[in-house]
Amino acid sequence: MGVGTSTFVIRWVNFLTMLLSVVVVVFGIWMSTHHDGCRRSLTFPILCLGGVIFFVSIIGFLGALKNSSILLWIYLIMLCFILIGILVFTVLAYKEYQLKDYSSWFLNQLNNTHNWKELKICLVKSEDCNNLSKKYKTLKQYKSAKLTPIEAGCCRPPSDCGYPAVNASFYDLSFHPVSSNKDCKFYKNSRQVKCYNCDSCKAGVAQYMKTEWRVVAIFNVALFLVLSMIYFVGCCARRNASRSQSKT
């Protein structure tokens, strides 16, 4: 790849990368507003990633524009760190959710009192459970509905408890449970309690996070491939800039 070609390509590539960083930021904002507030725990690193990519793209653009070997070196080093960060974050974290059963590490995080307290606050604020009666107007609709993992695990008592459902958000707790499942004792009709202290709720959150992480992982893999191609072009531009400066 010639000097003029590589610098021209890297200029336009980094201009497009600036646009890509805007897409990353928009994706982060979408995650923070789509569905519920529990998704916000994943948005901060994505927003930071978008900001870093934008900053690095400016350095690459200026390096190619001025044909500066130093700026292009800085650009490549920072881009390399971004690529390594995306790879480590995606591969290592996603490995935890590929297990047939949830890993002991992840279960320990859910069982941690402080962590679960924060998650419960998030779940209560999300209004998932309180909106069930709005989503399903009749008991028949509710019983035939395909509930989300959080709705099924956190908003109602386990089915083996045998509590009769009065409507989508209220159960007759005067009925004596037919099961020894300890979750039967934890469930309350209160908006603040529901089954948020149940093991079934923790399992629902684990499944929710597994599903949500797939979205982030797919996005990260696509981003990694795009940035890898940009890195290759940047290497050509840096090498050609060094040759050009050595001739002057």
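**Disulfides and one asparagine in a predicted model**

Good morning. Cysteine 161 and cysteine 184 form a disulfide, with their sulfur atoms 1.9 Å apart.

How many disulfides does the structure hold? There are 4, and I shall describe two others.

The next one joins cysteine 129 to cysteine 155, with an S to S distance of 2.1 Å. Where do these two cysteines lie? Cysteine 129 sits in the loop between helix H5 (113-126) and helix H6 (132-135), and cysteine 155 in the loop between helix H8 (149-154) and strand E1 (165-167), so the link ties together parts that are 26 residues apart in sequence. The angle about the S-S bond is -80°, and the link of cysteine 129 and cysteine 155 is left-handed. Cysteine 129 is buried, as is cysteine 155.

I turn now to cysteine 154, which a disulfide joins to cysteine 201 at an S to S distance of 2.0 Å. This pair links distant parts of the chain: cysteine 154 is in helix H8 and cysteine 201 in helix H10, residues 199-247, the two being 47 residues apart. Is the link of cysteine 154 and cysteine 201 left-handed or right-handed? With 90° about the S-S bond, the link is right-handed. Cysteine 154 and cysteine 201 are both buried.

One further cysteine deserves a remark on accessibility. Cysteine 80 has 29% relative accessibility and therefore counts as partly exposed.

Let me finish with asparagine 189, which lies in the loop between H9 and H10. Is asparagine 189 buried or exposed? Its relative accessibility is 18%, so asparagine 189 counts as buried; the cut-off for that class is under 20%.

Which polar partners does the side chain of asparagine 189 have? One is the backbone oxygen of tyrosine 171, reached at 2.9 Å. Another is the side chain of tyrosine 187, joined to that of asparagine 189 by a polar contact of 2.9 Å. Leaving aside residues up to four places away in sequence, asparagine 189 touches Ser169, Phe170, Tyr171, Leu173 and Lys194.

Thank you.

Technical notes. Residues are numbered from 1 along each chain as its sequence is written. This is a predicted model: local features need pLDDT of at least 70, side-chain atom pairs count only at pLDDT 80 or more; totals for chains, interfaces and linings use all residues. Side-chain values use heavy atoms; hydrogens and water are left out. A disulfide is a pair of cysteine sulfur atoms within 2.5 Å. Helices (H or I, at least four residues) and strands (E, at least two) are DSSP runs, numbered from the N terminus. Buried means under 20% relative accessible area, exposed over 50%, partly exposed in between (1.4 Å probe, protein chains only). A polar contact is a pair of N or O atoms within 3.5 Å; within protein, one must be able to donate a hydrogen and the other to accept it, and residues adjacent in sequence count only if both atoms are side-chain atoms. Contact means heavy atoms within 4.5 Å.
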